[in-house]
Amino acid sequence: MEHTRLSSKDLITIQDLKEHLLLLQKSVDEDEGRYLVRVLRKLSITRRRITPQILAKLIEESLKEESKTKSLLVTIFPSTLIKEDEKEGEEKEMQIEIEKEKEEEEEEEEKGQQQRNIIIQAKYPEEKAYLQLLSLLELFKLKDYENALKLCEFSIDFIEKKNRRTLDSFFSKVFFYYSRINEILGHSKLIRKKLLSAYRTSTLRRDVSTQAVLINCLLRNYLQFNLYDQGDKLISKSQFPPNSLNSQHVRYLYYLGRIKAIQLDYTESFRCLREAKRKAPRAGARGFRLSVNKFLCIVQLLTGEIPEIELFMEKDLQKYLQPYFELTSAVRTGNLGDFKKVVLREAKVFKADQTYSLILRLRQNVIKTGLKKLNSAYSRISFEDISKKLQLDSSDSVESICSKAIFDGVIDAIINHEEKYIKFKEMGDLYSTLIPQKAFGQRIKFCLNIHNTAVKNMRFPEELLKEQEEIDTEEGKEQLKELEKMSTNNEEGKGDFDQGEPGNL
(Lines give C-alpha, C1' and ligand atoms only; values in the text may rest on other atoms or scores of the structure.)
Protein backbone atom coordinates (compact mmCIF):
# COMPACT_ATOMS: atom_id res chain seq x y z
CA MET A 1 0.00 0.00 0.00
CA GLU A 2 1.35 3.40 -0.97
CA HIS A 3 1.19 6.16 1.61
CA THR A 4 1.42 9.89 1.38
CA ARG A 5 4.19 11.58 3.36
CA LEU A 6 3.36 11.66 7.08
CA SER A 7 4.09 14.72 9.20
CA SER A 8 5.78 14.59 12.58
CA LYS A 9 2.41 15.05 14.31
CA ASP A 10 1.07 12.04 12.45
CA LEU A 11 4.05 9.95 13.55
CA ILE A 12 3.47 10.97 17.17
CA THR A 13 -0.19 9.98 16.81
CA ILE A 14 0.83 6.57 15.48
CA GLN A 15 3.09 6.04 18.49
CA ASP A 16 0.21 7.01 20.82
CA LEU A 17 -2.04 4.48 19.10
CA LYS A 18 0.62 1.82 19.51
CA GLU A 19 0.73 2.64 23.21
CA HIS A 20 -3.01 2.06 23.30
CA LEU A 21 -2.46 -1.35 21.74
CA LEU A 22 0.16 -2.10 24.38
CA LEU A 23 -2.33 -1.17 27.09
CA LEU A 24 -4.86 -3.57 25.56
CA GLN A 25 -2.25 -6.32 25.58
CA LYS A 26 -1.46 -5.53 29.21
CA SER A 27 -5.17 -5.59 30.05
CA VAL A 28 -5.50 -9.13 28.67
CA ASP A 29 -2.22 -10.44 30.09
CA GLU A 30 -2.83 -9.14 33.61
CA ASP A 31 -6.63 -9.51 33.49
CA GLU A 32 -7.06 -5.85 34.46
CA GLY A 33 -10.04 -4.05 32.95
CA ARG A 34 -8.85 -0.59 33.96
CA TYR A 35 -6.34 -0.46 31.10
CA LEU A 36 -9.14 -1.17 28.62
CA VAL A 37 -11.30 1.54 30.20
CA ARG A 38 -8.39 3.98 29.96
CA VAL A 39 -8.09 3.38 26.20
CA LEU A 40 -11.82 3.77 25.60
CA ARG A 41 -11.98 7.00 27.59
CA LYS A 42 -9.45 8.55 25.23
CA LEU A 43 -11.45 7.46 22.18
CA SER A 44 -13.22 10.82 21.74
CA ILE A 45 -9.83 12.59 21.58
CA THR A 46 -8.21 9.90 19.45
CA ARG A 47 -10.89 10.00 16.75
CA ARG A 48 -10.14 13.68 16.11
CA ARG A 49 -6.43 13.02 15.57
CA ILE A 50 -6.62 10.03 13.23
CA THR A 51 -6.60 10.28 9.44
CA PRO A 52 -6.81 7.60 6.72
CA GLN A 53 -3.05 7.86 6.22
CA ILE A 54 -2.38 7.25 9.92
CA LEU A 55 -4.71 4.27 10.00
CA ALA A 56 -3.21 2.77 6.86
CA LYS A 57 0.29 3.03 8.36
CA LEU A 58 -0.84 1.61 11.70
CA ILE A 59 -2.69 -1.30 10.08
CA GLU A 60 0.30 -2.20 7.95
CA GLU A 61 2.71 -2.22 10.91
CA SER A 62 0.45 -3.80 13.55
CA LEU A 63 -1.44 -6.58 11.74
CA LYS A 64 -0.03 -9.70 10.17
CA GLU A 65 -0.38 -10.38 6.46
CA GLU A 66 -2.64 -13.42 6.95
CA SER A 67 -5.04 -11.48 9.18
CA LYS A 68 -8.59 -11.20 7.82
CA THR A 69 -8.95 -7.80 9.49
CA LYS A 70 -5.95 -6.49 7.58
CA SER A 71 -7.16 -7.89 4.25
CA LEU A 72 -10.52 -6.13 4.71
CA LEU A 73 -9.10 -2.78 5.87
CA VAL A 74 -6.49 -2.73 3.09
CA THR A 75 -9.27 -3.05 0.51
CA ILE A 76 -11.28 -0.24 2.13
CA PHE A 77 -8.74 2.49 2.81
CA PRO A 78 -7.10 2.99 -0.62
CA SER A 79 -10.34 4.59 -1.88
CA THR A 80 -10.49 6.91 1.12
CA LEU A 81 -6.85 7.90 0.63
CA ILE A 82 -7.61 8.98 -2.94
CA LYS A 83 -10.60 11.02 -1.76
CA GLU A 84 -8.50 12.74 0.85
CA ASP A 85 -5.83 13.65 -1.70
CA GLU A 86 -8.47 15.16 -3.98
CA LYS A 87 -9.84 17.27 -1.14
CA GLU A 88 -6.44 18.65 -0.21
CA GLY A 89 -6.20 20.57 -3.45
CA GLU A 90 -3.56 20.99 -6.09
CA GLU A 91 -0.05 19.56 -6.05
CA LYS A 92 1.55 22.95 -5.49
CA GLU A 93 -0.19 23.38 -2.17
CA MET A 94 0.97 19.93 -1.16
CA GLN A 95 4.58 20.80 -1.96
CA ILE A 96 4.38 23.97 0.13
CA GLU A 97 3.01 22.02 3.07
CA ILE A 98 5.72 19.38 2.74
CA GLU A 99 8.47 22.02 2.78
CA LYS A 100 7.03 23.57 5.93
CA GLU A 101 6.72 20.21 7.59
CA LYS A 102 10.35 19.29 6.85
CA GLU A 103 11.58 21.98 9.22
CA GLU A 104 9.23 20.81 11.97
CA GLU A 105 10.18 17.18 11.44
CA GLU A 106 13.88 17.82 11.97
CA GLU A 107 13.19 19.26 15.44
CA GLU A 108 10.22 17.23 16.63
CA GLU A 109 11.26 13.82 15.31
CA GLU A 110 14.55 13.98 17.21
CA LYS A 111 12.74 14.83 20.46
CA GLY A 112 9.61 12.71 20.15
CA GLN A 113 9.92 9.97 17.56
CA GLN A 114 13.48 8.84 18.29
CA GLN A 115 12.88 8.67 22.02
CA ARG A 116 10.04 6.14 21.66
CA ASN A 117 9.88 3.87 18.65
CA ILE A 118 7.29 1.23 19.54
CA ILE A 119 7.17 -1.97 17.53
CA ILE A 120 4.05 -4.02 18.17
CA GLN A 121 2.12 -6.86 16.56
CA ALA A 122 -1.56 -7.33 17.41
CA LYS A 123 -1.94 -10.79 18.94
CA TYR A 124 -5.24 -10.51 20.83
CA PRO A 125 -8.80 -10.00 19.49
CA GLU A 126 -9.10 -6.84 21.62
CA GLU A 127 -6.40 -5.12 19.60
CA LYS A 128 -7.98 -6.10 16.30
CA ALA A 129 -11.38 -4.93 17.52
CA TYR A 130 -9.82 -1.58 18.52
CA LEU A 131 -8.32 -1.13 15.04
CA GLN A 132 -11.67 -2.03 13.48
CA LEU A 133 -13.41 0.54 15.68
CA LEU A 134 -10.92 3.28 14.77
CA SER A 135 -11.39 2.49 11.08
CA LEU A 136 -15.16 2.57 11.51
CA LEU A 137 -15.03 5.99 13.18
CA GLU A 138 -12.89 7.36 10.35
CA LEU A 139 -15.17 5.96 7.64
CA PHE A 140 -18.19 7.44 9.43
CA LYS A 141 -16.41 10.79 9.63
CA LEU A 142 -15.69 10.64 5.88
CA LYS A 143 -19.36 9.69 5.22
CA ASP A 144 -18.30 6.53 3.42
CA TYR A 145 -21.34 4.67 4.72
CA GLU A 146 -21.21 1.66 2.39
CA ASN A 147 -17.70 0.65 3.46
CA ALA A 148 -18.56 1.51 7.06
CA LEU A 149 -21.54 -0.85 6.91
CA LYS A 150 -19.34 -3.66 5.54
CA LEU A 151 -16.87 -3.08 8.35
CA CYS A 152 -19.69 -3.07 10.94
CA GLU A 153 -20.99 -6.44 9.75
CA PHE A 154 -17.46 -7.88 9.73
CA SER A 155 -16.80 -6.58 13.27
CA ILE A 156 -20.08 -7.96 14.60
CA ASP A 157 -19.31 -11.43 13.21
CA PHE A 158 -15.73 -11.22 14.46
CA ILE A 159 -16.74 -10.32 18.04
CA GLU A 160 -19.59 -12.85 18.16
CA LYS A 161 -17.25 -15.69 17.15
CA LYS A 162 -14.65 -14.74 19.77
CA ASN A 163 -17.27 -14.46 22.56
CA ARG A 164 -14.96 -12.74 25.07
CA ARG A 165 -16.29 -10.49 27.82
CA THR A 166 -13.43 -8.04 27.26
CA LEU A 167 -14.90 -7.34 23.81
CA ASP A 168 -18.31 -6.24 25.16
CA SER A 169 -17.48 -2.53 25.16
CA PHE A 170 -16.32 -2.72 21.52
CA PHE A 171 -19.45 -4.71 20.64
CA SER A 172 -21.75 -2.00 21.99
CA LYS A 173 -20.01 0.78 20.07
CA VAL A 174 -20.04 -1.18 16.81
CA PHE A 175 -23.78 -1.85 17.17
CA PHE A 176 -24.45 1.84 17.81
CA TYR A 177 -22.84 2.80 14.49
CA TYR A 178 -24.42 -0.19 12.76
CA SER A 179 -27.87 1.10 13.69
CA ARG A 180 -27.00 4.71 12.84
CA ILE A 181 -25.53 3.88 9.42
CA ASN A 182 -28.55 1.78 8.46
CA GLU A 183 -30.80 4.64 9.53
CA ILE A 184 -28.90 7.03 7.25
CA LEU A 185 -29.07 4.58 4.35
CA GLY A 186 -32.81 3.97 4.93
CA HIS A 187 -32.52 0.34 6.04
CA SER A 188 -33.89 0.70 9.56
CA LYS A 189 -36.74 -1.77 9.05
CA LEU A 190 -34.39 -4.48 7.85
CA ILE A 191 -32.21 -4.54 10.97
CA ARG A 192 -34.94 -4.65 13.62
CA LYS A 193 -34.87 -8.46 13.96
CA LYS A 194 -31.11 -8.47 14.23
CA LEU A 195 -31.19 -5.84 16.98
CA LEU A 196 -33.78 -7.86 18.92
CA SER A 197 -31.78 -11.09 18.65
CA ALA A 198 -28.59 -9.27 19.67
CA TYR A 199 -30.42 -7.83 22.69
CA ARG A 200 -31.53 -11.29 23.79
CA THR A 201 -27.97 -12.57 23.46
CA SER A 202 -26.50 -9.64 25.41
CA THR A 203 -29.08 -10.17 28.18
CA LEU A 204 -28.13 -13.83 28.52
CA ARG A 205 -24.43 -12.89 28.65
CA ARG A 206 -25.12 -10.03 31.10
CA ASP A 207 -23.45 -7.57 28.77
CA VAL A 208 -24.59 -4.31 30.38
CA SER A 209 -23.10 -1.87 27.86
CA THR A 210 -24.54 -3.66 24.82
CA GLN A 211 -27.95 -4.01 26.48
CA ALA A 212 -28.17 -0.26 27.05
CA VAL A 213 -27.10 0.57 23.48
CA LEU A 214 -29.48 -1.93 21.88
CA ILE A 215 -32.48 -0.78 23.94
CA ASN A 216 -31.85 2.79 22.79
CA CYS A 217 -31.36 1.68 19.17
CA LEU A 218 -34.64 -0.24 19.23
CA LEU A 219 -36.54 2.66 20.81
CA ARG A 220 -35.13 5.04 18.21
CA ASN A 221 -36.14 2.59 15.49
CA TYR A 222 -39.71 2.39 16.80
CA LEU A 223 -40.01 6.16 17.18
CA GLN A 224 -38.77 6.66 13.63
CA PHE A 225 -41.81 4.75 12.31
CA ASN A 226 -44.24 6.01 15.01
CA LEU A 227 -44.50 2.55 16.62
CA TYR A 228 -45.16 3.91 20.10
CA ASP A 229 -47.04 0.85 21.35
CA GLN A 230 -44.17 -1.46 20.48
CA GLY A 231 -41.74 0.91 22.15
CA ASP A 232 -43.89 0.92 25.30
CA LYS A 233 -44.01 -2.90 25.27
CA LEU A 234 -40.21 -3.04 25.00
CA ILE A 235 -39.89 -0.71 28.00
CA SER A 236 -42.35 -2.74 30.07
CA LYS A 237 -40.80 -6.12 29.17
CA SER A 238 -37.15 -5.07 29.60
CA GLN A 239 -35.12 -3.41 32.32
CA PHE A 240 -32.61 -0.72 31.49
CA PRO A 241 -29.24 -1.51 33.14
CA PRO A 242 -28.70 0.79 36.14
CA ASN A 243 -24.89 0.66 35.79
CA SER A 244 -24.85 1.85 32.17
CA LEU A 245 -23.01 4.89 30.87
CA ASN A 246 -24.51 8.32 31.48
CA SER A 247 -24.77 9.00 27.73
CA GLN A 248 -26.93 5.92 27.19
CA HIS A 249 -29.07 6.66 30.25
CA VAL A 250 -29.75 10.18 29.01
CA ARG A 251 -30.84 8.84 25.61
CA TYR A 252 -33.11 6.33 27.29
CA LEU A 253 -34.78 9.06 29.37
CA TYR A 254 -35.32 11.14 26.22
CA TYR A 255 -36.98 8.28 24.31
CA LEU A 256 -39.03 7.32 27.36
CA GLY A 257 -40.23 10.92 27.73
CA ARG A 258 -41.36 11.03 24.12
CA ILE A 259 -43.31 7.77 24.41
CA LYS A 260 -45.00 8.85 27.65
CA ALA A 261 -45.98 12.18 26.07
CA ILE A 262 -47.79 10.42 23.22
CA GLN A 263 -49.55 8.20 25.76
CA LEU A 264 -50.88 11.29 27.62
CA ASP A 265 -48.73 10.64 30.70
CA TYR A 266 -47.42 14.19 30.75
CA THR A 267 -46.20 14.16 34.36
CA GLU A 268 -43.88 11.18 33.82
CA SER A 269 -42.83 12.53 30.43
CA PHE A 270 -41.90 15.89 31.95
CA ARG A 271 -39.89 14.17 34.69
CA CYS A 272 -37.91 12.08 32.19
CA LEU A 273 -37.22 14.98 29.83
CA ARG A 274 -36.20 17.30 32.65
CA GLU A 275 -33.78 14.69 34.00
CA ALA A 276 -32.41 14.11 30.49
CA LYS A 277 -31.80 17.84 30.11
CA ARG A 278 -30.06 18.02 33.49
CA LYS A 279 -27.79 15.04 32.79
CA ALA A 280 -26.96 15.99 29.20
CA PRO A 281 -23.53 17.55 28.57
CA ARG A 282 -23.55 21.32 28.65
CA ALA A 283 -20.73 21.63 26.11
CA GLY A 284 -21.36 19.83 22.83
CA ALA A 285 -24.28 17.57 21.86
CA ARG A 286 -26.14 20.64 20.57
CA GLY A 287 -28.59 18.64 18.47
CA PHE A 288 -29.58 16.43 21.38
CA ARG A 289 -30.00 19.36 23.78
CA LEU A 290 -32.07 21.19 21.18
CA SER A 291 -34.43 18.25 20.70
CA VAL A 292 -34.82 17.77 24.45
CA ASN A 293 -35.65 21.45 24.94
CA LYS A 294 -38.30 21.34 22.22
CA PHE A 295 -40.13 18.37 23.68
CA LEU A 296 -39.67 19.67 27.23
CA CYS A 297 -41.31 22.96 26.26
CA ILE A 298 -44.35 21.27 24.67
CA VAL A 299 -44.82 18.73 27.47
CA GLN A 300 -44.57 21.42 30.15
CA LEU A 301 -47.24 23.42 28.34
CA LEU A 302 -49.44 20.33 28.19
CA THR A 303 -49.12 19.91 31.96
CA GLY A 304 -50.58 23.42 32.36
CA GLU A 305 -47.31 25.14 33.31
CA ILE A 306 -45.40 27.84 31.46
CA PRO A 307 -41.69 27.16 30.77
CA GLU A 308 -39.15 29.58 32.16
CA ILE A 309 -37.58 32.02 29.73
CA GLU A 310 -34.12 30.56 30.45
CA LEU A 311 -35.14 27.52 28.40
CA PHE A 312 -35.17 29.65 25.23
CA MET A 313 -32.15 31.85 25.99
CA GLU A 314 -29.24 29.43 25.51
CA LYS A 315 -26.75 31.06 23.15
CA ASP A 316 -26.33 28.25 20.64
CA LEU A 317 -30.02 27.23 20.69
CA GLN A 318 -31.87 30.56 20.82
CA LYS A 319 -32.28 30.83 17.05
CA TYR A 320 -33.81 27.37 16.66
CA LEU A 321 -36.16 27.72 19.66
CA GLN A 322 -37.75 30.95 18.39
CA PRO A 323 -40.91 29.20 17.00
CA TYR A 324 -41.43 27.49 20.35
CA PHE A 325 -40.98 30.77 22.18
CA GLU A 326 -43.73 32.36 20.07
CA LEU A 327 -45.93 29.32 20.67
CA THR A 328 -45.37 29.59 24.42
CA SER A 329 -46.25 33.29 24.45
CA ALA A 330 -49.50 32.52 22.59
CA VAL A 331 -50.42 29.83 25.12
CA ARG A 332 -49.49 32.06 28.05
CA THR A 333 -51.76 34.89 26.87
CA GLY A 334 -54.60 32.51 25.99
CA ASN A 335 -54.95 34.03 22.51
CA LEU A 336 -56.28 31.31 20.21
CA GLY A 337 -55.84 33.48 17.11
CA ASP A 338 -52.12 33.97 17.70
CA PHE A 339 -51.79 30.27 18.47
CA LYS A 340 -53.34 29.32 15.11
CA LYS A 341 -51.10 31.77 13.25
CA VAL A 342 -47.93 30.35 14.81
CA VAL A 343 -49.01 26.76 14.11
CA LEU A 344 -49.80 27.51 10.45
CA ARG A 345 -46.64 29.54 9.87
CA GLU A 346 -44.25 27.06 11.53
CA ALA A 347 -46.03 23.82 10.57
CA LYS A 348 -43.06 22.55 8.52
CA VAL A 349 -40.68 23.11 11.43
CA PHE A 350 -42.98 21.36 13.91
CA LYS A 351 -43.51 18.38 11.59
CA ALA A 352 -39.77 18.05 11.02
CA ASP A 353 -39.24 18.08 14.80
CA GLN A 354 -42.02 15.47 15.25
CA THR A 355 -43.82 17.74 17.73
CA TYR A 356 -46.77 18.71 15.52
CA SER A 357 -49.19 16.12 16.94
CA LEU A 358 -48.43 17.25 20.49
CA ILE A 359 -48.80 20.92 19.57
CA LEU A 360 -52.30 20.32 18.22
CA ARG A 361 -53.28 19.16 21.71
CA LEU A 362 -52.39 22.58 23.11
CA ARG A 363 -55.57 24.12 21.71
CA GLN A 364 -57.50 23.10 24.84
CA ASN A 365 -54.81 24.58 27.06
CA VAL A 366 -55.02 27.90 25.22
CA ILE A 367 -58.78 27.96 25.74
CA LYS A 368 -58.41 27.09 29.44
CA THR A 369 -55.92 29.93 29.91
CA GLY A 370 -58.33 32.33 28.21
CA LEU A 371 -61.18 31.20 30.48
CA LYS A 372 -59.00 31.77 33.55
CA LYS A 373 -58.38 35.36 32.43
CA LEU A 374 -62.08 35.89 31.82
CA ASN A 375 -62.78 34.51 35.29
CA SER A 376 -60.53 37.14 36.86
CA ALA A 377 -61.97 39.98 34.72
CA TYR A 378 -65.72 39.23 34.54
CA SER A 379 -68.37 38.04 36.96
CA ARG A 380 -70.82 37.24 34.17
CA ILE A 381 -70.35 36.90 30.40
CA SER A 382 -72.41 35.53 27.51
CA PHE A 383 -71.39 32.69 25.20
CA GLU A 384 -71.12 35.03 22.21
CA ASP A 385 -68.72 37.33 24.04
CA ILE A 386 -66.63 34.34 25.11
CA SER A 387 -66.45 33.21 21.47
CA LYS A 388 -65.28 36.67 20.39
CA LYS A 389 -62.76 37.07 23.22
CA LEU A 390 -61.21 33.64 22.68
CA GLN A 391 -61.53 33.88 18.86
CA LEU A 392 -63.37 30.57 18.57
CA ASP A 393 -64.73 29.36 15.25
CA SER A 394 -68.37 29.42 16.45
CA SER A 395 -70.34 30.07 19.63
CA ASP A 396 -72.08 26.68 19.49
CA SER A 397 -69.19 24.86 21.15
CA VAL A 398 -68.72 27.44 23.94
CA GLU A 399 -71.21 25.73 26.25
CA SER A 400 -69.47 22.34 26.06
CA ILE A 401 -66.04 23.95 26.45
CA CYS A 402 -67.13 25.83 29.57
CA SER A 403 -68.77 22.77 31.11
CA LYS A 404 -65.60 20.72 30.58
CA ALA A 405 -63.50 23.50 32.14
CA ILE A 406 -65.76 23.52 35.19
CA PHE A 407 -65.58 19.71 35.44
CA ASP A 408 -61.77 19.78 35.26
CA GLY A 409 -61.59 22.43 37.98
CA VAL A 410 -60.10 25.12 35.73
CA ILE A 411 -62.80 27.64 36.65
CA ASP A 412 -65.49 27.81 39.33
CA ALA A 413 -68.70 29.00 37.64
CA ILE A 414 -72.38 28.28 36.96
CA ILE A 415 -73.80 27.91 33.44
CA ASN A 416 -77.24 29.29 32.61
CA HIS A 417 -78.35 27.20 29.65
CA GLU A 418 -81.57 29.09 28.97
CA GLU A 419 -80.11 32.61 28.80
CA LYS A 420 -76.76 31.33 27.45
CA TYR A 421 -74.34 32.94 29.81
CA ILE A 422 -71.86 31.83 32.45
CA LYS A 423 -71.58 33.30 35.94
CA PHE A 424 -68.20 33.09 37.63
CA LYS A 425 -67.85 32.66 41.37
CA GLU A 426 -65.52 34.84 43.40
CA MET A 427 -61.95 33.55 43.50
CA GLY A 428 -60.86 32.41 46.95
CA ASP A 429 -57.48 32.67 48.61
CA LEU A 430 -55.03 30.36 46.85
CA TYR A 431 -52.91 29.90 49.96
CA SER A 432 -55.88 28.47 51.85
CA THR A 433 -55.85 25.44 49.52
CA LEU A 434 -53.41 22.51 49.16
CA ILE A 435 -51.91 23.80 45.90
CA PRO A 436 -48.87 25.53 47.51
CA GLN A 437 -48.18 22.42 49.59
CA LYS A 438 -48.16 20.22 46.48
CA ALA A 439 -45.85 22.63 44.66
CA PHE A 440 -43.36 22.65 47.54
CA GLY A 441 -43.61 18.86 47.74
CA GLN A 442 -42.63 18.54 44.08
CA ARG A 443 -39.65 20.86 44.57
CA ILE A 444 -38.48 18.96 47.64
CA LYS A 445 -38.68 15.63 45.75
CA PHE A 446 -36.68 17.11 42.89
CA CYS A 447 -33.92 18.36 45.21
CA LEU A 448 -33.76 15.02 47.05
CA ASN A 449 -33.52 13.18 43.74
CA ILE A 450 -30.58 15.36 42.68
CA HIS A 451 -28.88 14.72 46.03
CA ASN A 452 -29.34 10.94 45.80
CA THR A 453 -28.04 10.72 42.23
CA ALA A 454 -25.05 12.93 43.13
CA VAL A 455 -24.14 10.66 46.05
CA LYS A 456 -24.40 7.57 43.84
CA ASN A 457 -22.18 9.05 41.14
CA MET A 458 -19.49 10.46 43.43
CA ARG A 459 -15.90 9.59 42.56
CA PHE A 460 -13.15 9.83 45.12
CA PRO A 461 -9.57 10.81 44.16
CA GLU A 462 -7.05 8.01 43.98
CA GLU A 463 -4.73 9.75 46.45
CA LEU A 464 -7.35 9.66 49.19
CA LEU A 465 -7.96 5.98 48.49
CA LYS A 466 -4.23 5.25 48.70
CA GLU A 467 -3.94 7.14 51.99
CA GLN A 468 -6.93 5.24 53.34
CA GLU A 469 -5.36 1.93 52.28
CA GLU A 470 -2.10 2.88 54.00
CA ILE A 471 -3.99 3.80 57.15
CA ASP A 472 -5.90 0.52 57.00
CA THR A 473 -2.67 -1.47 56.56
CA GLU A 474 -1.00 0.32 59.50
CA GLU A 475 -4.03 -0.26 61.70
CA GLY A 476 -4.07 -3.90 60.62
CA LYS A 477 -0.42 -4.34 61.52
CA GLU A 478 -1.01 -2.81 64.95
CA GLN A 479 -4.01 -5.08 65.53
CA LEU A 480 -1.94 -8.13 64.53
CA LYS A 481 0.77 -7.14 67.02
CA GLU A 482 -1.80 -6.78 69.78
CA LEU A 483 -3.29 -10.18 68.94
CA GLU A 484 0.16 -11.78 69.03
CA LYS A 485 0.80 -10.27 72.44
CA MET A 486 -2.56 -11.53 73.69
CA SER A 487 -1.87 -15.02 72.35
CA THR A 488 1.57 -15.15 73.97
CA ASN A 489 0.11 -14.02 77.29
CA ASN A 490 -2.62 -16.62 77.06
CA GLU A 491 -0.11 -19.35 76.29
CA GLU A 492 2.03 -18.30 79.26
CA GLY A 493 -1.06 -18.31 81.49
CA LYS A 494 -2.06 -21.76 80.32
CA GLY A 495 1.44 -23.08 81.02
CA ASP A 496 1.44 -21.67 84.54
CA PHE A 497 -2.03 -23.12 85.21
CA ASP A 498 -0.97 -26.59 84.01
CA GLN A 499 2.06 -26.54 86.28
CA GLY A 500 -0.27 -25.91 89.25
CA GLU A 501 1.39 -22.77 90.57
CA PRO A 502 -0.55 -21.26 93.51
CA GLY A 503 -0.82 -17.87 91.88
CA ASN A 504 -2.98 -19.26 89.02
CA LEU A 505 -5.44 -21.26 91.18
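Contact is taken here to mean heavy atoms within 4.5 Å. The model described is a predicted one. On this basis, and leaving aside neighbours within four places in sequence, D353 is in contact with K294, F295 and Y324. D353 itself is found in the loop between α18 (347–352) and α19 (356–360). With one of these residues, Y324, the side chain of D353 forms a polar contact of 2.8 Å.

Aromatic residues were examined next. A pair of aromatic rings is described by the distance of the centres and the angle of the planes. A search of the whole structure finds twelve aromatic pairs. In one of them, the rings of F312 and F325 have centres 5.5 Å apart and planes at 70°. Planes over 60 degrees apart count as edge-to-face, and the pair of F312 and F325 is therefore edge-to-face. F312 lies in the loop between α15 (286–302) and α16 (322–333), whereas F325 lies in helix α16, so the pair ties together parts that are 13 residues apart in sequence. The two partners can also be described by their accessibility. Buried means under 20% relative accessible area; F312, at 3%, therefore counts as buried. F325 has a relative accessibility of 30% and counts as partly exposed.

Another pair involves Y324, the residue joined to D353 by the polar contact between side chains. The ring centres of Y324 and F350 are 5.2 Å apart and their planes stand at 70°, so this pair is edge-to-face. The pair links distant parts of the chain, with Y324 in helix α16 and F350 in helix α18, 26 residues apart. Y324 counts as buried because its relative accessibility is 0%. F350 likewise has a relative accessibility of 0% and counts as buried. Elsewhere among the aromatic residues, F140, Y145, F176 and Y177 form one aromatic cluster.

The surface of the model was also considered. A nonpolar surface patch of about 330 Å² is made by F440, I444 and L448. Of these residues, I444 has its place in helix α23 (residues 435–456). The relative accessible area of I444 is 51%. The cut-off for an exposed residue is over 50%, and I444 is therefore exposed.

Note on methods
Residues are numbered from 1 along each chain as its sequence is written. This is a predicted model: local features need pLDDT of at least 70, side-chain atom pairs count only at pLDDT 80 or more; totals for chains, interfaces and linings use all residues. Side-chain values use heavy atoms; hydrogens and water are left out. Helices (H or I, at least four residues) and strands (E, at least two) are DSSP runs, numbered from the N terminus. A polar contact is a pair of N or O atoms within 3.5 Å; within protein, one must be able to donate a hydrogen and the other to accept it, and residues adjacent in sequence count only if both atoms are side-chain atoms. Patches are made of residues with over 30% relative accessible area and no salt bridge: like charges are joined within 9 Å, nonpolar side chains (Val, Leu, Ile, Met, Phe, Trp, Tyr) within 5 Å. Accessible areas come from the Shrake-Rupley method with a 1.4 Å probe; for residues, only the protein chains shown count as cover. A salt bridge is a side-chain nitrogen of Lys or Arg within 4 Å of a carboxyl oxygen of Asp or Glu. Buried means under 20% relative accessible area, exposed over 50%, partly exposed in between (1.4 Å probe, protein chains only). Rings of Phe, Tyr and Trp (its six-membered ring) pair if their centres lie within 6.5 Å; planes under 30 degrees apart count as stacked, over 60 as edge-to-face and the rest as tilted.
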